[in-house]
Amino acid sequence: MKDFSYLRADSVEAARNAAALPGAMLLAGGTTLVDLAKCGVAEPSTVIDISHIEGLNAIDVTADRAVIGALAKMSQVADHAAVKSHFPAVSEALWQAASAQLRNMATIGGNLMQRTRCPYFRDPQNFPACNKRSPGSGCSAIGGVTRGHAVLGTSEACIATYPGDLAIALVAFDAEVDLGERKLKVEDFFLAPGATAEQEHDIRPGEVITAIEIPGSAATRRSTYLKIRDRQSYEFAAASAAVGLELESDGRTIRDIRVALGGVATKPWRARAVEEALKGKSLEEDIVRKASELAMEGAVDHGANHYKIALAPRVVARAVLELGETA
Amino acid sequence: MTVHDMKHAASDSARLEAVGGRLSRVDGPAKITGAAKYAFEQQLEGLAHAVLVGATIAAGKVTAIDTRAAETAPGVLAVLTPGSIMELKGASDWFGRPPAEETYCPLVREVTFSGQHVAAVVAETFEQAVAAAALVKVWYDETPAIVDLSDGSDGIPIDAMTKEWGDAQAAFAAAPVRVCAAYNTPREFQAAMEPHGLIARWEGDALTIWEPSQWLDGMARTYAEWFGVPFENVRLVSPYIGGGFGSKALALAHSAVAAAAAKMLGRPVKLVLNRPQNFTSYGGRAATRQTVAIGADREGRIQSIVHRGVNETAVDGMWVEPLGSVTSIMYATPNFSSKQNVVRVNTVVPGAKRAPGENPSAFGIECAIDELAYELGIDPLEMRLINYAEQDPEAKKAWSTRQLREAFAAGAEAFGWAKRSPAPRSMRDGHQLIGWGVAAGTYPVRRAYGEAMVKLLADGSAEVESSSIDMGQGTYTILAQTAAETLGVPVKQVSVKLGDSRLARAGVTGGSRLAGVMTGAVYKAAGQALDELIGLALSDPRSPFHGLQANTLVVKDGRIASPRGDGPEISIPELMGTLGREKIEAKGDTVPASFTPQQRYNNYTTIATAIPHTEGDYSRHSWCAHFVEVRVDEDFGTVRVSRVVSALDSGRLYNPKLAESQWKGGIIMGIGQALLEEGIVDRRHGRIVNGNLADYMLPTNADIPDIQTISVGIPDPHSSALGGKGVGELGIVGVAPAIANAVFHATGKRVRDLPITLEKLI
Amino acid sequence: MTSQTHTGQTIIDPPEDGHFRNGSTNQPSPTTLSLHLTINGRDHALEVEPRVTLLDALRERLALTGTKKGCDQGQCGACTVHVDGERVLACLTLAAQVEGRSITTIEGLADEDGTLNAVQAAFLEQDAFQCGYCTPGQIMSAVACIREGHAGSDEEIREYMAGNLCRCGAYPHIVAAVRQAAKELRS
């Protein structure tokens with residue numbers, strides 16, 4: 001790890017100013033930044049510790065809206081009673097992420113800035129080619145070991161999977177990220193690689209995430225996050241789905257549905273085609289399974305990750321069907 | 001050197017203290033309070049930190065190394081390269097065979113695997129060394145690498161592995177029922193939680209090494225030979241070992257770098273491999289491929305087994321993973337043929353991982369017998385009993401003890417095997433397909449000669465000393481129990497010192513031999529000490545027992561008396577005081593009297609004097625049967641083990657509490673092997689891409705159900721002095737095939753390539 | 001200019017003159033920090049570079065080696081300590097970041113008189129470890145797991161202890177130990 005200067009910011013404004021310094025990076029929980037600095041991927045010249053800023057960790061939740069401060073810990077949000085009751089998918093996405101220790105460290109704002117787990121991205125010494133790290137250098141993953149790589153939203157520049165869980169739920173429920181001067185949809189905050197794999201987030205120098213806001217609805221109240229992986233715990237998703245469901249009073253007809261996918265795409269992936277196919281339809285297994293296949297429209301595999309194309313729709317279908325069985 | 005006080009263990013009742021009692025781990029209090037200092041946690045003045053630079057190619061030459069930036073980085077003391085590191089002498093191998101090369105350079109110019117050490121940076125602090133290591137620039141002339149088994153030829157035949165009797169090919173061809181399939185296991189890693197590393201310190205020509213070690217004397221010999229100093233000048237200290245599983249028995253290239261750096265700088269040097277380096281600096285289990293062909297009659301009786309195996313080895317080193325070791329002894333067969341080849345690939349030389357040989361061997365034969373059972377429509381458990389080997393089919397000798405039939409019976413009963421629905425895909429719970437599988441396992445009783453020092457002190461306490469080690473098997477505890485029982489003193493009065501090569505010598509801790517060897521040695525040494533005490537008590541005129549008409553005395557709970565109960569009864573301290581003795585000490589050993597000093601030295605520093613498990617009239621092995629329930633999600637292909645019942649025959653257990661822990665540990669490592677663990681190589685680079693604990697997945701707590709183990713062993717006098725057989729290696733053998741068989745029962749899919757990951761089932 | 005110094009380091013407020021106080025340019029240069037860490041109730045002063053992790057500060061500077069380094073990259077849990085009572089990984093925590101927080105390591109878990117914490121005692125009784133290397137992390141994690149209320153069932157214990165790898169395979173005994181300690185602490 002290269003050495004760096006360490007500065008503590010005690011206000012958001014201080015953080016914004018410091019974040020504008022060349023080579024400055026913000027440190028909240030440290031679970032991404034310190035990790036990537038050890039890998040040689042992140043080389044900040046100055047680390048701005050924002051973890052001591054007070055008042056940024058509030059969790060304010062009603063049935064209509066959740067506002068979660070950027071410095072709230074993943075564990076606090078996961079265990080928050082109102083989040084569990086009004087936004088169960090958010091709680092479930094959080095407690096199934098990482099480990100209890102990491103969730104006690106990682107913040108909600110920092111979680112949105114989590115980087116891919118692509119092994120080529122994380123090993124600059126052995127794999128110099130990575131468009132995410134050094135634009136134009138190429139992609140070491142294409143043609144390599146691709147079992148964990150994305151099948152949606154890929155480009156010739158990058159096939160790295162977005163690894164997080166929370167953002168899948170946020171994207172499903174049209175959450176917004178508050179950057180102070182501006183707010184934008186979480187879905188728009190994340191950028192697919194295209195030809196500019198190095199740009200993962202729509203965030204500008206000097207901007208600091210202060211909160212996320214999630215509008216509440218019948219679909220957030222009846223929601224779930226289903227995460228499938230090789231290991232039972234402490235692993236990133238092979239495929240996951242955040243699903244919210246609102247049924248008509250007949251208890252069978254789908255009035256509103258939200259579907260987003262994790263573990264299979266280069267960014268948190270909203271599956272609108274599935275939603276459109278199911279709105280107004282009856283909640284029946286064959287209908288749901290068939291509609292779920294639409295989640296893979298445009299999917300491209302790279303060999304070892306081919307299984308994700310079969311797996312992801314099944315995860316969506318299971319999540320929808322199990323949600324339908326809950327009262 | 002480490003001494004454990006028995007304060008906390010003393011709460012256990014006296015019954016627990018004897019050999020065979022469930023005494024809690026005596027090193028436990030140190031481990032649960034953080035007081036246990038592991039080898040490279042020693043605090044030394046003037047410690048410098050070394051960090052290695054690994055090759056980024058798998059094959060080729062280092063053409064240039066630019067060290068300038070690293071040398072001028074803050075805190076850097078030295079940058080070592082093949083050209084600047086001191087020259088070492090070649091060292092003999094673990095059989096004691098002299099080295100092929102006169103000199104040895106642990107930093108290489110000729111790269112034969114990715115990650116091989118090409119340079120090292122030594123700095124004042126760890127952080128400075130890490131940062132400077134990243135500044136070392138290396139240029140290569142890369143040549144094509146052999147990436148894995150599929151790249152090579154048929155490989156090199158290992159004739160010593162060939163086993164044949166009858167006419168296996170003809171009998172297989174003539175058999176009315178035949179199965180034949182290929183079974184593959186990937187490169188696996190030991191992945192002990194404590195990484196490899198060491199602190200090396202020179203004082204003149206004397207070298208002290210603090211390093212986690214499964215073999216202090218063997219590693220001390222290597223260091224002594226590398227640096228051309230007498231064996232006695234090297235002291236290895238390894239008070240606790242944070243897991244070894246076969247990986248920590250040898251001094252390796254990184255060890256040489258640290259010791260050389262310490263010599264060159266005149267300062268103690270600490271070098272610890274980072275986690276990715278732990279996947280490239282020493283070998284895990286070699287990838288293996290086997291074909292197993294079984295011919296049987298229609299009643300299920302095996303007529304022939306034809307087995308062919310191949311394992312990967314290194315370009316610059318040889319490792320043979322004996323793939324026919326279980327194949328040849330598990331079932332009775334009149335015709336048998338097993339042959340094995342190795343294929344050289346560009347990898348660090350593979351090494352020992354829990355039950356090397358037996359583990360993959362069992363995967364082949366125990367899946368194949370399951371396939372045969374389905375082919376014939378015979379229950380897989382019944383299939384195994386039909387072909388039960390009443391004697392060793394290979395050695396044609398009686399088993400010393402073989403409680404495998406009892407293991408099948410006890411395991412089946414506890415598991416409820418009789419309730420099994422035989423057809424695949426016939427048991428389910430919602431979306432979960434349920435499968436029940438069985439497989440057997442075995443491991444030979446590896447025996448060796450050992451020694452121990454036992455001291456009886458004036459205060460009535462006793463000390464046991466040995467340069468053997470405790471990496472979690474419970475050596476501290478069972479040796480305390482052995483000494484306490486033999487001497488007749490309370491276990492809380494016994495302290496055990498291990499992990500220092502200055503103590504009584506010990507051979508390698510591996511192959512489940514330590515407990516048998518060391519309890520035997522301590523039993524003998526303690527017996528000698530006791531004999532001396534009793535002899536003095538009867539013969540010394542000052543003794544109250546002097547003149548007593550008795551041949552011997554009994555010692556119990558630290559008190560000494562005549563066996564008939566007449567005459568005096570006094571405590572050991574009282575007797576020692578009366579005799580005017582500070583201590584009585586005895587170094588006992590089980591080494592043949594005919595051994596020369598050189599043979600004794602070789603006995604502890606090589607594996608050349610190991611005693612064959614089929615020596616004499618008996619064939620000695622431990623045995624087990626695993627019963628496993630899996631739940632496979634029919635949509636996702638995810639496999640979860642929901643129940644395990646294992647019945648095991650390790651002979652007499654010296655401490656069942658600790659033996660059960662080791663068995664379960666082996667079973668859990670087997671679950672990882674079956675479902676999760678695989679070193680994945682990028683074929684373009686010849687490099688493991690998942691060399692870390694997030695991507696090379698070990699089971700987590702959430703992956704493991706409650707596990708029931710049942711001991712079915714009986715004391716085996718042919719296997720060890722106190723009747724025990726091997727424990728630590730046994731548990732893993734047979735777990736992977738039991739799971740694979742259960743997955744077949746659940747899904748109807750036969751997965752013959754480990755690990756059984758979800759994409760193989762959807 | 002409203003910057004202020006706090007235990008030897010600079011806390012940034014908006015710079016009014018475009019200059020931070022600890023340097024002549026906008027870009028501060030790496031320096032050694034003088035930290036005061038509160039560990040197991042005691043104050044420890046140390047001089048470290050900003051990049052030094054809490055784990056290396058404990059093990060290499062303060063001789064508190066009970067906290068183990070298993071992977072050094074957040075993947076094994078061996079370095080689990082408590083910061084302000086919450087379990088975290090010391091390998092991904094900068095030492096500088098936890099100045100002003102209260103840190104507890106395995107060495108600080110038992111009472112001053114040596115009386116073991118209920119979790120420690122249960123680990124010994126249940127033989128919830130073998131080599132012992134992951135054990136301090138397991139115990140620190142277990143203490144927090146119980147305190148968090150995540151030890152309600154065996155299934156919950158397994159999930160909430162999944163961040164602590166054990167290669168010796170002590171998991172079933174760890175579950176038994178956490179279950180036992182949780183019961184004792186509730187009663």
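This is a predicted model: local features need pLDDT of at least 70, side-chain atom pairs count only at pLDDT 80 or more; totals for chains, interfaces and linings use all residues.
## Aromatic pairs

Across all chains, the structure holds 24 aromatic pairs. One of them joins Tyr38(B) and Tyr240(B). Their ring centres are 5.4 Å apart and their planes meet at 40°, so the pair counts as tilted. Tilted pairs fall between the stacked limit of under 30 degrees and the edge-to-face limit of over 60.

Tyr38(B) sits in the loop between helix 2 (28–32) and strand 1 (48–54) of chain B. Tyr240(B) sits in the loop between strand 14 (234–237) and helix 7 (253–265) of chain B. The pair therefore ties together parts that are 202 residues apart in sequence. Both Tyr38(B) and Tyr240(B) are buried. Ring pairs also bring in Tyr476(B) and Tyr133(C), giving a cluster with Tyr38(B) and Tyr240(B).

## Charges over rings

Two cases lie in chain B. The charged end of Lys396(B) sits 4.3 Å from the ring centre of Trp165(B), over the ring. Arg178(B) lies over the face of Phe172(B), 5.8 Å from the ring centre.

## Chain B against chain A

The contact takes 33 residues from chain B and 31 residues from chain A. The two chains bury about 2700 Å² between them, with 56% of it on carbon and sulfur atoms. Asp635(B), Phe636(B) and Arg684(B) supply 21% of the area that chain B buries here, more than any other three residues.

Chains B and A share 5 salt bridges. One of the bridges, at 2.6 Å from N to O, joins Arg147(A) and Glu759(B). There are also 15 residue pairs in polar contact between the chains. Helix 4 (126–133) and strand 32 (681–682) of chain B each supply at least two residues of the side that touches chain A. Helix 4 gives the largest share, 3 residues.

How values were computed
Residues are numbered from 1 along each chain as its sequence is written. Chains are lettered from A and ligands numbered from 1 in the order in which they are written. Side-chain values use heavy atoms; hydrogens and water are left out. Rings of Phe, Tyr and Trp (its six-membered ring) pair if their centres lie within 6.5 Å; planes under 30 degrees apart count as stacked, over 60 as edge-to-face and the rest as tilted. Helices (H or I, at least four residues) and strands (E, at least two) are DSSP runs, numbered from the N terminus. Buried means under 20% relative accessible area, exposed over 50%, partly exposed in between (1.4 Å probe, protein chains only). A charge sits over a ring if NZ of Lys or CZ of Arg is within 6 Å of the ring centre and within 35 degrees of the ring normal. Contact means heavy atoms within 4.5 Å. Buried area is the accessible area (1.4 Å probe) that two parts lose on being put together, summed over both. A salt bridge is a side-chain nitrogen of Lys or Arg within 4 Å of a carboxyl oxygen of Asp or Glu. A polar contact is a pair of N or O atoms within 3.5 Å; within protein, one must be able to donate a hydrogen and the other to accept it, and residues adjacent in sequence count only if both atoms are side-chain atoms.
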